[in-house]
Amino acid sequence: MGSLDGRVAIITGAGRGIGASISRMFAQQGAKLVLNDLGAEPDGSGGDAGPAQDIADEINGLGGQAVADAGDIADTATGRRLVEMAVAHHGKLDVVVNVAGILRDRMIFNLPDDDWDAVIRVHLRGHFSTIKPAAAYWREQRNPDGHYRIINFTSDSALQGSPGQPNYAAAKMGIIGLTASLANGLARYGVTANAIAPGAATRLTATVPDEKKIGESSGAELMSPDNVAPIVTYLAGTESDWLSGRTLGASGHEVKLWNNPEVVETISADGPWDLQDLADKAAKFFRPKADGLHPSIFMGQLPK
């Protein structure tokens, strides 16, 4: 008996890297799968039905149950089709895992409009594409004890401000806001929503120049995408109802719980602000807690 026996899951970006690792572990734990991957290059160009089909064939060859789809996940018709496939092939839908993504890195002053739009489209519309029809399906079930799951993928790039990835950071922080909204809006329908910020060596991280890479000196075993799959598998099961609206980090043999944004200090006035009073209070109360850039893993990438 696996922890996901009887569960049905959609996984996007399933053909390679983190998505493939999650697909394999889900199958090992008994889940029935719908696997989506456009098979594009890391920048989103091109397409190949092979990666998703290869993982599905591998899982089916080992006695599991998986069907493949090579549609563009940022096309909302693809998301609708995946939900329909889950119900048609496996009888229901319990879990949506949104892994698919691309990179088009540039500093903000060199970033083409098309590269901004493409990254925002794949990450944000790609999440929306699966979540909207899945949420509608779960709402129809009227089952507050359904143990339904949305597991989104964000990034340390957003949480800690990668200077060379403004489009990617914006999209990934948007996913955190989306996840919080889903957790609050869908709780009554038995749905939890959480986000994962992974650390792993993948085709996407391979495009980052060596001097800009974070953490990959840890070694191949610690940076394996396989290390991200266990926490996703736990979240996909029925024992994680208590956790929703949160962001988790997963890298190597560590899983981290990120704090949600919270107020750390407040200043106020008796009436409309006097500018000098505001300046004095901001310097007195805010500056001790917010003087300069917030420390992040990307500090080494800043100009000296």
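How many cavities of 30 Å³ or more does a search of the whole structure find? One turns up. (A cavity is a set of points on a 1 Å grid over the protein atoms alone where a 1.4 Å probe fits but cannot get out, and lining residues have an atom within 4 Å of a point.) This is a predicted model, where local features need pLDDT of at least 70, side-chain atom pairs count only at pLDDT 80 or more, and totals for chains, interfaces and linings use all residues. Residues are numbered from 1 along each chain as its sequence is written, and side-chain values use heavy atoms, with hydrogens and water left out.

The largest cavity holds about 40 Å³ of space, a volume being the space filled by probe spheres set on the points. Its lining includes Arg 149, Thr 192 and Leu 235. β5 gives the most to that lining, with three residues.

Now for the nonpolar cores, meaning sets of buried (under 20% relative accessible area, 1.4 Å probe, protein chains only) Ala, Val, Leu, Ile, Met, Phe, Trp, Tyr and Cys residues joined through side-chain atoms within 4.5 Å.

| Core | Residues | Some members |
|---|---|---|
| Largest | 32 residues | Ile 22, Phe 26, Val 97 |
| Second, separate | 25 residues | Ile 73, Ile 131, Ala 134 |

Leaving aside neighbours within four places in sequence, Val 97 is in contact (heavy atoms within 4.5 Å) with residues including Ile 10, Phe 153 and Val 232.

As for helix α4 (a DSSP run of H or I, at least four residues), its end C-alpha atoms are 41 Å apart, which agrees with the 42 Å its 29 residues should span at 1.5 Å a residue. Arg 142, with a positive phi near 50°, follows α4.

How values were computed
Helix = DSSP H or I, 4+ residues; strand = E, 2+ residues; numbered from the N terminus. Expected span 1.5 Å × (residues − 1). Buried < 20%, exposed > 50% of the residue type's maximum accessible area, 1.4 Å probe, protein only. 1 Å grid on protein atoms, 1.4 Å probe; cavity = no way out; pocket = protein on both sides within 12 Å on 5 of 7 lines; lining within 4 Å.
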